[in-house]
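Here are my notes for your first look at this model. Keep the structure open beside them and find each residue as you read.

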Amino acid sequence: MSRKPVHLAVYDTYADWETGHATAYLARAGYEIRTVGPSEEAVTSIGGLRVQPASALDDVRPEDSSLLILPGADLWDTTDELAPFARKAREFLAAGVPVAAICGATAGLAREGLLDDREHTSAISFYLAATGYKGGSRYVDADAVTDGGLITAGPTEPVAFAREIFGLLGVYEGEVLDAWYRLFHDSDVEAYAVLEGAQ
């Protein structure tokens, strides 16, 4: 089955550890992972990894994508440089294409108004409240939340973030999805047998 690519946003100071589980297992499931930067100029992650984006943000269209992933980054909280990525997320959601945001990217989406009418989570409620957004009553104290095609998670939950992505895209379902999460989140060795049996 041919699948549309998954677009992974990359920008200076992006948190490289937050999306690794998701992108690795999406790639294993047959999704092409395409990096998207502010331009096609190389960017550097918090961990010092230099990444050459495959395309510039302006060239990415929702109809050509299965999902847009937005990792956290220091820049989400220190400048408005990444606001175009939040606007692109609005475009994706309006077109019915899902978006997954973790850590600081949730604050960017809050500033864009995308969390006002959806259940969501982040690092902690007052982190998002500081953005001045109107969605505080929709905040959920959970590891990751999916609502209206939008996945949100806090910075300590990359495994739960990946779990929500896999569930939304149908990569894993039911007991297999649960086993994947138990293996990578809880180091539950019994979960490995479930995953192996599903291959």
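1. How much space lies in the largest pocket? About 280 Å³. Bear in mind that this is a predicted model.

2. Next, look at what surrounds that space. The lining of the largest pocket is made of 13 residues. Those nearest the pocket centre are Tyr25, Arg28, Tyr172, Leu195 and Gln199. H8 supplies the largest share, with 4 residues.

3. Now sort the pocket lining by class. Nonpolar residues number 10. There are also 2 charged residues and 1 polar residue.

4. Turn to helix packing. Two packed helices are described by the angle between their axes and the distance between the axes. Take H1 and helix H6, which covers residues 158–169. Their axes come within 8 Å and cross at roughly 35°. The crossing of H1 and H6 is right-handed.

5. Which residues in H1 and H6 meet? From H1, they are His21, Ala22, Tyr25 and Leu26. From H6, they are Pro158, Val159, Ala162, Ile165, Phe166 and Leu169. By class, this contact has 9 nonpolar residues, 1 polar residue and no charged ones. Note Tyr25: this residue of H1 meets H6, and Tyr25 is also among the residues nearest the centre of the largest pocket.

6. Finally, check the aromatic rings. The whole structure holds 8 aromatic pairs. One of them joins Tyr11 and Phe85. Their ring centres are 4.9 Å apart, and the ring planes stand at 75°, so this pair counts as edge-to-face; the cut-off for that label is over 60 degrees.

7. Why does the Tyr11 and Phe85 pair tie together parts that are 74 residues apart in sequence? Because Tyr11 lies in the loop between strand S1 (6–9) and H1, while Phe85 lies in helix H3 (residues 83–94).

Definitions and conventions
Residues are numbered from 1 along each chain as its sequence is written. This is a predicted model: local features need pLDDT of at least 70, side-chain atom pairs count only at pLDDT 80 or more; totals for chains, interfaces and linings use all residues. Side-chain values use heavy atoms; hydrogens and water are left out. On a 1 Å grid over the protein atoms alone, a cavity is a set of points where a 1.4 Å probe fits but cannot get out, and a pocket is an open set with protein on both sides within 12 Å along at least five of seven lines; lining residues have an atom within 4 Å of a point. Grid points are joined across faces, edges and corners, and a volume is the space filled by probe spheres set on the points. Helices (H or I, at least four residues) and strands (E, at least two) are DSSP runs, numbered from the N terminus. Ala, Val, Leu, Ile, Met, Phe, Trp, Tyr, Cys and Pro count as nonpolar, Asp, Glu, Lys and Arg as charged, and the others, Gly among them, as polar. Axes are lines fitted to C-alpha atoms, for helices over the stretch in contact, and angles run from 0 to 180 degrees between N-to-C directions. A crossing is left-handed if the near helix is turned anticlockwise from the far one by less than a right angle, and right-handed if clockwise. Contact means heavy atoms within 4.5 Å. Rings of Phe, Tyr and Trp (its six-membered ring) pair if their centres lie within 6.5 Å; planes under 30 degrees apart count as stacked, over 60 as edge-to-face and the rest as tilted.
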